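Subject: Structure handover: cavities and cores

Hello,

Here is the structure for your files. My notes on its cavities and nonpolar cores follow below.

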Amino acid sequence: MNELCKSDFTPRGELERLQLERLRKMAVYVRERIPFYQRKFAEKGVTENDLRSLEDMRRLPFTVKTDLRDNYPFGLFAAPMEEVVRIHCSSGTTGKPIVAGYTAADIKLWSEVMARSFSGVGITPRDIVQVAWGYGLFTGGLGAHYGLERLGATVIPISGGNTEKQVMLIQDMGVTIWCGTPSYCLHLIEVAHQMGVDLRKTKLRAGVFGAEPWTEGMREEIQARMGITAYDIYGLTEVIGPGVSCECSAQKGLHIFEDVFYPEIIDPKTLEPLSGEAEGELVITTLTKQGTPVIRYRTRDISRLYRDKCSCGRTICRMERVSGRSDDMLIIRGINVFPSQIESILLGIEGAQPHYQIVVDRQGAMDDMEVRVEVAESIFSDKVRELEKFERTVVNKIESVLGLRVHVKLMEPGSIERSMGKAKRVIDQRKEKQ
Ligand code: DLL
């Protein structure tokens, strides 16, 4: 264990005492500094004095995305602007963005959790790391950058896009680690292939991926085609950015940096906390953040918590990879469908490519779902009858897993739009018709 990761191994009793102490201080901090929380606490009739154990956490009010939007841009800032040294925004495409403010202490905290993330997957000062998450208002690029510098690794801040150059630098500079979104990585792999470059023959040995949901199938695909070990990192602007949690070398869930981000799983319908390893919505409270702290922030991300000991020896809990967001769940003719389920099915079919899109529409009163999926060159050049057979295979496979008959449209390789950041998997035309 190195010095950076010491907090990951704190004995549970000590960790929980620290969490409670920090939670109490945080409750005072937000109540004194943010009128929104002062009001919320008063409405619930709760003060820091009611926080006698971590169980009492449930007495505190939730924070939701619309609270952040309603207080745009600076209404939830707890620190005066002269202490705020940086601002980031969420990547949403509609409406006002979510704004996060960071004090110098927050940037230090963020760099540390990112350094702990990278160190946990075995990245060292000897590594050369290409950061392909976007630099700018999005938290991915700069978050990773500061964490890697804190760790002492060599950073190549290429940002997203410029794919041929990405491939060139991987080769010329002996890049050992690549970071970005999983969907952009697939595009990079394709471009490298077109350039005649076999990424498995470069010095790349690992990758850290996040900012969007991805499945185990996608991980296997990336690992095989790039010749690397692929790790999952999670986070969100409202909490800090990337670095809320990250896998360790065991690849068995993402360790949450619990000494600074307190996790809960709730039932999104009843809002009651769920115990054990139940699946539900992840809720996070920042325990030390100064700029824009959040109390019980409802992430909408679906996960579960594992508190048993990890083979790496870390005592901090793990969350399961995020399978989707509760607001990404499609309800098609009454059946709940997550885009990640479609991805898993497609990746299990030989000849189907991991490039897909789901188009939802309404025909009269009936929901209609079309899965557009790219197929391998070899299949596409087959006879029409073969193509129809392949299409039926996909339709049947989806029906057998989801209990839902959908339309499948086979697409030519390369015809679905590639993204440099988060992929747009779902086009819901029902919303446009409302
Ligand atoms: O995506 C921060 C980030 C950057 C995380 C780079 C990891 C790597 P936002 O743009 O605010 O922040 O989006 C946050 O993205 O609530 C999840 O729904 C989704 N998300 C992030 N990481 C993962 C992941 C960044 N590893 C939202 N798996 C979150 C699944 C993820 N979903």
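What volume does the largest cavity have? The model is a predicted one, and in it the largest cavity has a volume of about 110 Å³. The structure holds two cavities of 30 Å³ or more.

Largest cavity. Its lining is made up of 14 residues, and Leu68, Leu76, Phe77, Val99 and Thr292 are the ones that lie nearest its centre. Sorted by class, the lining residues are nine nonpolar, four polar and one charged.

Second largest cavity. This one contains about 50 Å³ of space. The residues that line it are Asp8, Arg116, Ser117, Gly120, Cys246, Glu247, Cys248, His255, Phe257 and Arg314. Two or more lining residues come from each of α4 (104-120) and β8 (241-247). With three residues, α4 gives the most to this lining. By class, the second largest cavity is lined by three nonpolar, three polar and four charged residues.

Nonpolar cores. The largest nonpolar core has 76 residues, and Phe118, Ile123, Val208 and Phe261 have the most contacts inside it. Leaving out residues up to four places away in sequence, Phe261 touches Val113, Val239, Ile240, Gly243, Val244, Ile256, Ile284, Thr285 and Thr286. Another core lies apart from the largest one; it has 27 residues, including Leu330, Ile332, Val337 and Val373. As background, nonpolar side chains tend to be buried together in soluble globular proteins.

Regards

Notes:
Residues numbered from 1 in each chain as written. Predicted model: local features only at pLDDT ≥ 70, side-chain atom pairs only at ≥ 80, totals over all residues. Heavy atoms only, no water. 1 Å grid on protein atoms, 1.4 Å probe; cavity = no way out; pocket = protein on both sides within 12 Å on 5 of 7 lines; lining within 4 Å. Points joined across faces, edges and corners; volume = space filled by probe spheres on them. Nonpolar A, V, L, I, M, F, W, Y, C, P; charged D, E, K, R; others polar. Helix = DSSP H or I, 4+ residues; strand = E, 2+ residues; numbered from the N terminus. Core = buried A, V, L, I, M, F, W, Y, C linked by side-chain atoms within 4.5 Å. Buried < 20%, exposed > 50% of the residue type's maximum accessible area, 1.4 Å probe, protein only. Contact = heavy atoms within 4.5 Å.
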